[in-house]
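Please examine the model shown below alongside the explanation that follows.

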Amino acid sequence: MKSAIIFALIAVILITGTITPALAQSSNISSNIVINEIELNPPGTDSRSTNIASSNINEFVELYNPTDSPIDVSGWQIIPTKDWKSYTIPSGSIIQPNDHAVFMASSFWFSDISEFVTLKNAIGVIIDQTPLLDDSGDDMSSWQRIYDGWDTDNSSDWILKGATGTATNG
């Protein structure tokens, strides 16, 4: 009898220890569209005039939909620190559940240093905003959430590593 109770107690401790971290992680996944990845400074010059090899690589913002429903982001705005460079997402832009969408504007969309990006919905409500970001690497490193949709409203949610585009961050 004692061994059965001890076994049950150990089983509960093991199961709780195994399940709790997974539940804690899932509670940090956003319940709305998030800015998931940003390429502030791709290889070459921003004008692309001097580096033919990188002429097709642009600054970009990847949005991610961590929900179970498609979300229409038509008319939403991606706004860099210099808000006059804002980009309005085209009509008919729907991000499917657990999917990514990448948007590119002009070659000079972002500053390489001291940049933050804001995402507003069609009526101007802030949906997401990055912390202050710097990327002076002039390479294919991008700022990414450590996991797709991970959002604790902390700069530790972000890491600078090799760009993934529309693939998962991890």
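A residue is called buried when its relative accessible area is under 20%, and exposed when that value is over 50%. The model under discussion is a predicted one. By this criterion strand E2 is mostly covered, since six of its six residues are buried.

In a regular strand, side chains alternate between the two faces of the sheet. Both faces of E2 are covered. On one side lie Phe 60, Glu 62 and Tyr 64, and on the other Val 61, Leu 63 and Asn 65, all of them buried.

E2 also has strand partners. Five bridges join E1 to E2 in an antiparallel arrangement, and Ile 35 stands opposite Leu 63 of E2. Five bridges likewise join E2 to E7, again antiparallel; here Tyr 64 has His 100 of E7 as its bridge partner.

In soluble globular proteins, nonpolar side chains tend to be buried together. The largest nonpolar core of this model comprises 22 residues, and Leu 63 and Ile 78 have the most contacts inside it. Strand E1 (34–39), strand E2 (60–65) and strand E7 (99–103) are the elements that each give two or more residues to this core.

What does Ile 78 touch, apart from residues up to four places away in sequence? Its contacts include Val 61, Phe 103, Trp 109 and Val 117, and Ser 86, Tyr 87, Ile 89, Thr 118 and Leu 119 are also among them.

Ile 78 stands opposite Leu 119 in E8, and three bridges join strand E4 (residues 77–79) to E8, the two running antiparallel. E4 and E8 belong to an open sheet of four strands, ordered E5-E4-E8-E9, with antiparallel pairing. Its edge strands are E5 (87–88) and E9, each of which pairs on one side only.

Between strand E8 (118–120) and strand E9 (126–129) runs a loop, and Asn 121 is located there. Is Asn 121 buried or exposed? Asn 121 counts as buried because its relative accessibility is 16%, and the cut-off for that class is under 20%. A polar atom of the Asn 121 side chain lies 3.1 Å from the backbone nitrogen of Ile 123. Setting aside neighbours within four places in sequence, Asn 121 is in contact with Gly 75, Trp 76 and Ile 127.

Methods: Residues are numbered from 1 along each chain as its sequence is written. This is a predicted model: local features need pLDDT of at least 70, side-chain atom pairs count only at pLDDT 80 or more; totals for chains, interfaces and linings use all residues. Side-chain values use heavy atoms; hydrogens and water are left out. Buried means under 20% relative accessible area, exposed over 50%, partly exposed in between (1.4 Å probe, protein chains only). A polar contact is a pair of N or O atoms within 3.5 Å; within protein, one must be able to donate a hydrogen and the other to accept it, and residues adjacent in sequence count only if both atoms are side-chain atoms. Contact means heavy atoms within 4.5 Å. A nonpolar core is a set of buried Ala, Val, Leu, Ile, Met, Phe, Trp, Tyr and Cys residues joined through side-chain atoms within 4.5 Å. Two strands pair if DSSP finds at least two bridges between them.
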